[in-house]
Amino acid sequence: MTTSVRSVITRIPATLILAAIVLAVGVLGQGLWVPTPQQPWWESVAYGLPALQEGRWWTPITGTFFVVSPWTYAVAIAGFVFVGLLEWRRGTRVAMTYFWVGQIVAVLATAAFLWAASLLPWPWAVDLAGMLDAGPSGGTMACFAACVSLFPSPWRQRGWLIVVGYAAIGVLFLGTLADLEHAFAVILVLAVDRSFHIKRASLRERRLLAFAGGLALGAIQILTLLVPTNGPFGPTAPGEGPLLEATIDAVVILLVANGLRLGRRWAWVLTIVWALVNLAVAGLYLTLSIVVDPIDLPLGLGDIDVFVATAVIWAAFLLYLIATRHSFGSRRKRPLGSEEDRHGEGAPTADDARQIITQYGGGSLSWMTTWEGMEYFRTEQGVIPYQKHVGVALVLADPLGPESAAAASIAEFVGAAERDSLIPCFFSSSKHTRDSLPAGWRDLIIADDTIVDLPGLAFTGKPWQHVRTAINKADREGITFRMTTLAEETWGIRQQLRAISESWVGDKDLPEMRFTLGTLQEAEDPEVRLALAVSPNGDVDGFLSWLPIYGPEGTHTGWTLDLMRRRDGGFGAVMEFLIGSSARTFAEEGALIVSLSGAPLAHQATDDEGTIAHLLGQLSGILEPVYGFSSLHRFKQKFNPRTEPIYLLYRDEGDLTRISAALTRAFLPDATLRQFAGAGIDMLRRD
């Protein structure tokens, strides 16, 4: 016996024993090939209201191990998967409690309900009250519902929607004894588990529920025309339902469903109106069926069972939409924080971002948030820089402002993004931002910020051999180092820098990357410094651009490496020379650190980092031959840096596809669809 098989047996013994008993009973009782109700002992083991009325109190137990028909054995055994999952995760005692209590309560509650309902002139209840049933589906359904509570938020809420929807639709449109038992099993778990709270759902989840509910209504309208139903309001045959009403419903739902997902007010209003119309029409048809002979009703309206059943769902949907009315107020293309005088200061700009960075300080990537293409959301105590792509509000680096206000600023931003149906996501953020996120958010390390501490820096010993050799070789060949700014240089030097950059870009099949990678345009900022390596004949062999890192009250605490460009055929070790010389210069000026940045998309995903890691890995693999992120990451190790994690922060896995497309567009905003296709990058759509 292999270790894995032994592990399964020891983790879910009770589930395996139950499944084995059901199969053994199926063989001994011939239920695997002969329908069990045809056996002479059927009434002695089956449960239901007649069995309890006749004193067969043991049947809720014995009936658990029998299955009604041969083909349903596959369904019954499949149901034990949920029992096993619950036992694996929460132990044998919990799993067996849910199974047996769920099974017994489902059987007894169904019998009690049918006893009371059959006292009324209700044909459906009267028919079910005289039936017997068998099988473990009440217990397995309870375990299925209990398994949903194991899901992390927000998948827990979504799982509950599936479970509750399945139970409700089963009762309303199929209406078998088993469907009623399933519904009571779900109600029991809902009562004791208390993990399903619509009021606690996020804005996004409330909209998603409306979207899913609308689509479910449309699907129900069509399916009830195609398949027979036999619910509490009576049976229907295929093709006998209200074709015109169902078709109009389906068309309206398709028109408004996406608007509900996006939180649009017009979609909410139209759905409310249409729900009221459906309820009014159902009420009218019900009244006509009472006062008029059904034979005399117009064609297609003689059978009102589907009308009434769907009206029940429309009524529940209407109540939900009214209860969540504040979730549907977003307007298309509205900038975040665009309310009049949101904080009494108007829309923030790049200058506001600069002022906040110099006042409160920032991280190694904060200066990138002042670049062209960024938008800014003003919070109570700061500003959050972001870009919008394919429905994602992609925040760069950390919130700007006091560190103590990060959690409040993030909450404001997330709320504003969700109100406008945007997916909030934080890219290249620090551990402090990760720790300030709302509960339930996911994080992924996408890069390592490589930091060289400057106090006491000395290029001695074997670890610094590469840098020391490059500096010594540059001295011998007459290569000079100059720390400057672009504005200070002559027209000739500036032209050389542009020629080097254009030559580098010209070798690529894709345009220059942006977002966390600057260009010479960003290097024109007077706060940005350039490190030049100049040959004896005046040629620039290579250059770097350094972004400022600010501490509180305008103090320069360090510099972040951005551009790295070299001239073809120039000094071979020019990058080691430039970085080493820059670090020495900054150390002499009193700076504390230099950040060599984290090569974007260069972090190697592990198997436990999830789908988004592999999506980013695929993007990195496509761009690696063009931009060489991995080789750049390895090159930076020559400078013996310490590392700090850089995170991608997102709500849950449902956002991953959009985030992947948004990152691609953010990094390559100028790439054409042909260039994307040539590189093998699939975009959801253009902005």
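A salt bridge is a side-chain nitrogen of Lys or Arg within 4 Å of a carboxyl oxygen of Asp or Glu. The model is predicted, so local features need pLDDT of at least 70, side-chain atom pairs count only at pLDDT 80 or more, and totals for chains, interfaces and linings use all residues. Residues are numbered from 1 along each chain as its sequence is written, and side-chain values use heavy atoms, with hydrogens and water left out.

**Exercise 1. Salt bridges**

Task: State how many salt bridges the chain has, and describe the pairs D352 and R378, K431 and D435, and R529 and E589.

Solution. 

Step 1. Under this rule there are 15 salt bridges.

Step 2. D352 and R378 are joined by their side chains, at 3.6 Å from N to O. This pair links distant parts of the chain, since D352 belongs to helix α16 (residues 350-360) and R378 to strand β3 (residues 375-378), 26 residues apart. Helices (H or I, at least four residues) and strands (E, at least two) are DSSP runs, numbered from the N terminus. For accessibility, buried means under 20% relative accessible area, exposed over 50%, and partly exposed in between (1.4 Å probe, protein chains only). D352 is partly exposed at 26%, whereas R378 is buried at 10%.

Step 3. K431 and D435 form a salt bridge of 3.0 Å, N to O. Because they are four residues apart in helix α18 (residues 431-435), about one helical turn separates them. K431 is partly exposed at 44% relative accessibility, and D435 is partly exposed at 48%.

Step 4. R529 and E589 meet at 2.8 Å, N to O. This pair also links distant parts of the chain: R529 is in strand β9 (residues 529-534) and E589 in helix α22 (residues 574-589), 60 residues apart. R529 counts as buried at 18% relative accessibility, while E589 counts as partly exposed at 46%.

Step 5. Salt bridges also link E418, R651 and D655 in a network. Side chains of opposite charge can pair when their charged atoms come close.

**Exercise 2. The chain as a whole**

Solution. 

Step 1. The chain contains 26 helices and 13 strands.

Step 2. It has 687 residues, of which 51% count as buried.

Step 3. A contact means heavy atoms within 4.5 Å. Among contacts between residues at least 6 apart in sequence, 75% join residues at least 24 apart.

Step 4. Accessible areas come from the Shrake-Rupley method with a 1.4 Å probe; for residues, only the protein chains shown count as cover. The chain exposes about 31000 Å², and carbon and sulfur atoms supply 61% of this area.

**Exercise 3. Nonpolar cores**

Task: Identify which residues of the largest nonpolar core touch the most other members.

Solution. 

Step 1. A nonpolar core is a set of buried Ala, Val, Leu, Ile, Met, Phe, Trp, Tyr and Cys residues joined through side-chain atoms within 4.5 Å. In soluble globular proteins, nonpolar side chains tend to be buried together.

Step 2. The largest core has 48 residues, and F80, L86, L114, W160, V163 and V189 touch the most other members. Elements that give two or more residues to this core include α2 (13-28), α6 (72-90), α7 (92-117) and α10 (155-174). The largest share, eight residues, comes from α7.

Step 3. Leaving aside neighbours within four places in sequence, L114 is in contact with L49, A125, L128, A129, L177 and L180. Apart from this core lies another, of 37 residues, among them V392, Y650, L663 and L668.
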